[in-house]
Amino acid sequence: RSGELRREYGRGGGRLSGGGYRREDLPLVLSLGVACGVAAVIVVVFYILDDAFRQSFYGRTVWLWGFPPLVFLLVGRMWLLVVRGEMRDDPVEGAMRDRAAQIVLVLLLVCFAVAWLG
């Protein structure tokens with residue numbers, strides 16, 4: 001919603017339909033979005049520490065440690081695009097169109113594949 005808010009208010013709009021958002025909500029929505037992205041990285045770390053090392057699913061669990069910094073980079077990149085006004089409505093579509101995000105996604109797949117098949 002942050003990207004939609006930024007675009008709508010950049011055009012001089014007053015309210016965004018479908019949520020009751022107002023212009024003054026933009027900094028809070030942006031802050032909460034970034035905080036949720038950082039929380040997602042923390043959840044990944046907790047998963048690795050608490051559950052992944054106990055599973056026999058992964059052959060080389062050390063490769064899972066590539067996930068937190070890569071997820072952080074991906075989340076940071078997505079929010080950078082939002083702040084720049086370059087993010088469309090769908091963050092998944094945005095990640096698929098952005099070259100830097102594509103590289104991070106490939107690296108995430110590599111880390112997972114090596115951890116799983118290792």
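Biologist: What share of the 118 residues in the protein chain is buried?
Modeller: This is a predicted model: local features need pLDDT of at least 70, side-chain atom pairs count only at pLDDT 80 or more, and totals for chains, interfaces and linings use all residues. Residues are numbered from 1 along each chain as its sequence is written, and side-chain values use heavy atoms, leaving out hydrogens and water. Buried means under 20% relative accessible area, exposed over 50%, partly exposed in between (1.4 Å probe, protein chains only). By that cut-off, the buried share of the 118 residues is 31%.

Biologist: Which element of the protein chain has the lowest confidence?
Modeller: Confidence here is pLDDT, given per residue from 0 to 100. The chain averages 84, with 86% of its residues at 70 or more. Helix α5 has the highest mean, 93, while the lowest, 59, belongs to residues 15-16, strand β1.

Biologist: What pattern does the chain follow along the sequence?
Modeller: Helices (H or I, at least four residues) and strands (E, at least two) are DSSP runs, numbered from the N terminus. The chain has five helices and two strands. In sequence order, they read α-β-β-α-α-α-α.

Biologist: Why does the span of α3 agree with expectation?
Modeller: The expected span is 1.5 Å times one less than the number of residues. α3 has 18 residues, so it should span 26 Å. Its end C-alpha atoms do agree with that, lying apart by 25 Å.

Biologist: Which glycine just after α3 takes a positive phi?
Modeller: α3 itself has several buried residues, including Phe-67, Pro-68, Leu-74 and Met-78. Just past the helix, a phi of about 80° is taken by Gly-85.

Biologist: Which glycines of α2 are buried?
Modeller: α2 has 25 residues and reaches 36 Å between its end C-alpha atoms, close to the 36 Å expected. Its buried residues include Leu-26, Val-29, Val-41 and Ile-48. Also buried in α2 are Gly-33 and Gly-37.

Biologist: How does Val-110 count by relative accessibility?
Modeller: Val-110 sits in helix α5. Its relative accessibility is 38%, so Val-110 counts as partly exposed.

Technical notes. pLDDT is the predictor's confidence in each residue, from 0 to 100.
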